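Open the model in your viewer and keep the sequence beside it. The stops below say what to select and what is there.

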Amino acid sequence: MGRGRRYALSDSAQQVVGGFLLAGPFVVTEEVWSLAREMSGAQALLTVVIVFSVGYGALYKADDGRDPDREDDVGGIPVRFISLILVSYLSVFLLAVSFNAPGTFLSDLASDGGLVALGVALEWDVISVTLKAISIGSVFSVIGAATADTLF
């Protein structure tokens, strides 16, 4: 572990508030789910690159007072950054499942009698589109989470 300011629970709480705040509207927007249906795997991976780049830039490039080399780390990756990425994706996932967004927007992709967990049909088409929708929402969630972490 590197030397630096310890990452506190209050930092995670700030990220969660920011991540949920910006992710919420995108999870329940039909256009996001329509975009996700039409995205290729490469485009989904590009959104992952965007989330990581925006997150790292917002935490360490936009704030001159924060140095990733002085923060606690796990395997060379700052704990704050790991938390940011987890919050960005998990907040979108939790909101999508809580609001039954996959069941609402992807009901035509699910077959009757299939396996269902947390309101999501466990079929590749539904899982694939849901993961793509999560990747879209995470672009906005990471902005909210990083902003909240940086401002407070």
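Predicted model: local features only at pLDDT ≥ 70, side-chain atom pairs only at ≥ 80, totals over all residues.

Residues are numbered from 1 along each chain as its sequence is written, and side-chain values use heavy atoms, with hydrogens and water left out.

**Whole protein.** Show everything as a cartoon: there are six helices and four strands (DSSP runs, H or I of at least four residues for helices and E of at least two for strands, numbered from the N terminus). From the N terminus on, their order is α-α-α-β-β-α-α-β-β-α. The C-alpha trace spans about 55 × 30 × 25 Å along its principal axes.

**Nonpolar patch.** Select Leu21, Leu22, Leu46, Val49, Ile50, Val54 and Ile143, which together have about 560 Å² of accessible area on the surface. Helices H1 (9-27) and H3 (41-61) each give two or more residues to this patch, and H3 gives the most, with four.

**Val54.** Now pick Val54, in helix H3. Is Val54 buried or partly exposed? With a relative accessible area of 32%, Val54 is partly exposed (buried is under 20%, exposed over 50%, partly exposed in between, using a 1.4 Å probe and protein chains only).

How values were computed:
Patch = residues over 30% accessible without salt bridge, like charges linked within 9 Å, V, L, I, M, F, W, Y side chains within 5 Å. Areas by Shrake-Rupley, 256 points an atom, 1.4 Å probe, with all protein chains shown as cover. Salt bridge = Lys/Arg side-chain N within 4 Å of Asp/Glu carboxyl O.
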